Amino acid sequence: MSRIEGQSLAEMLKRGAAMQVGFSSSSNSSMPRWLEVMLAEKFFNSCMIHETSKKNEKNIFCLDCCSSFCPQCLPPHRPHRLLQVRRYVYHDVVRVDDLEKLIDCSSVQSYTTNSAKVVFLNERPPSRPFRGSGNACLSCYRPLQDPYLFCSLACKVKELLQNEGGLWKELRECEYLPLPSSCDLDEGQLTPDSILESATSSASSGGGAELGVADTEPVSWRKMRSGPRRAAAAAEVASRRKKGVPVRAPLF
């Protein structure tokens, strides 16, 4: 099967490959508008409307409006189909449970973070050169675990558009997609999960993803390092560690 080498998904979208709003099983090359926009979107930028507010990163995507926004823009979109975008090792990811309602993700390698499986939205730079042994992404040749075929949703979309005649077999009808119940809502604002995993949780992370540096310092020490009692606490710890004068045992 031939491939179009060196052509990114963004270039395909610009050239008008499979550009239609919505999709239909009668058109093999159709691509839903929401998928096109979501893969090209830059998430976690500051919201221009709430530029001076806290928690103003755009991490929610509305499929009905084909736009991203921050948690403070959420109320008008509550009746719409919504996806929460998270950050994992500094790249955009979406929960598999949510994305599976829209498109088949079984062939995309998943990772576990905060007790949830996620997949990357876009292709990432290769971590190491692929030497031809083992499994690799069919689109970008990034090393993968078996039995996965793609490292990201964008790689799967690119491959299907180029070589499989379209996406319609992979897409699923979804009329209702609320934000997951696990999202933390505080004063009407949604807080995304942490982008980091501790080193102890990496063993359970599917695919062995490269992790960031997690804050593993004990809470008691963090509290001791700050606040008005820092000097007194430090002196107390030092006094506990001070050894007494050694006493030699008597000679017989």
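Leu35, Met38 and Leu39 in helix α2 meet Leu153, Ala154 and Val157 in helix α4, where contact means heavy atoms within 4.5 Å. The residues of this contact divide into 6 nonpolar, no polar and no charged; here Ala, Val, Leu, Ile, Met, Phe, Trp, Tyr, Cys and Pro count as nonpolar, Asp, Glu, Lys and Arg as charged, and the others, Gly among them, as polar. The structure is a predicted model, in which local features need pLDDT of at least 70 and side-chain atom pairs count only at pLDDT 80 or more, while totals for chains, interfaces and linings use all residues. Residues are numbered from 1 along each chain as its sequence is written, and side-chain values use heavy atoms, with hydrogens and water left out.

**The two helices**

Helices (H or I, at least four residues) and strands (E, at least two) are DSSP runs, numbered from the N terminus. Two packed helices are described by the angle between their axes and the distance between the axes. Helix α2, residues 33-40, packs with α4 at an angle of about 130 degrees, and their axes are 11 Å apart; the axes are lines fitted to C-alpha atoms, for helices over the stretch in contact, and angles run from 0 to 180 degrees between N-to-C directions. The two helices are therefore oblique to each other, given that angles under 35 degrees count as roughly parallel, over 145 as roughly antiparallel, 65 to 115 as roughly perpendicular and the rest as oblique.

Of the 8 residues of α2, 6 are buried, namely Trp34, Leu35, Glu36, Val37, Met38 and Leu39; buried means under 20% relative accessible area, exposed over 50% and partly exposed in between, with a 1.4 Å probe and protein chains only. In α4, 11 of the 11 residues are buried, so this helix is largely enclosed by the rest of the structure. Among the residues that Ser139 touches, not counting those up to four places away in sequence, are Cys155, Lys158 and Glu159. Ser139 itself has its place in the loop between β7 (135-136) and β8 (143-144), and at 11% relative accessibility it counts as buried. Just after α4, Gly165 takes a positive phi of about 85 degrees.

**Salt bridges**

The structure holds 8 salt bridges, a salt bridge being a side-chain nitrogen of Lys or Arg within 4 Å of a carboxyl oxygen of Asp or Glu.

| Salt bridge | Closest N and O atoms |
|---|---|
| Asp98 with Arg95 | 3.4 Å |
| Arg172 with Glu100 | 2.5 Å |
| Lys156 with Glu170 | 2.9 Å |

Lys156 lies in helix α4 and Glu170 in the loop between α4 and β9, so the pair ties together parts that are 14 residues apart in sequence. Lys156 and Glu170 are both buried. Asp98 and Arg95 are buried as well, and Arg95, Asp97 and Asp98 are linked in a network of salt bridges.

Arg172 is partly exposed, with a relative accessible area of 35%. Lys169 lies in the loop between α4 and β9 and, at 68% relative accessibility, counts as exposed. The C-alpha atoms of Lys169 and Asp104 are separated by 8.9 Å, although these residues are 65 residues apart along the chain.
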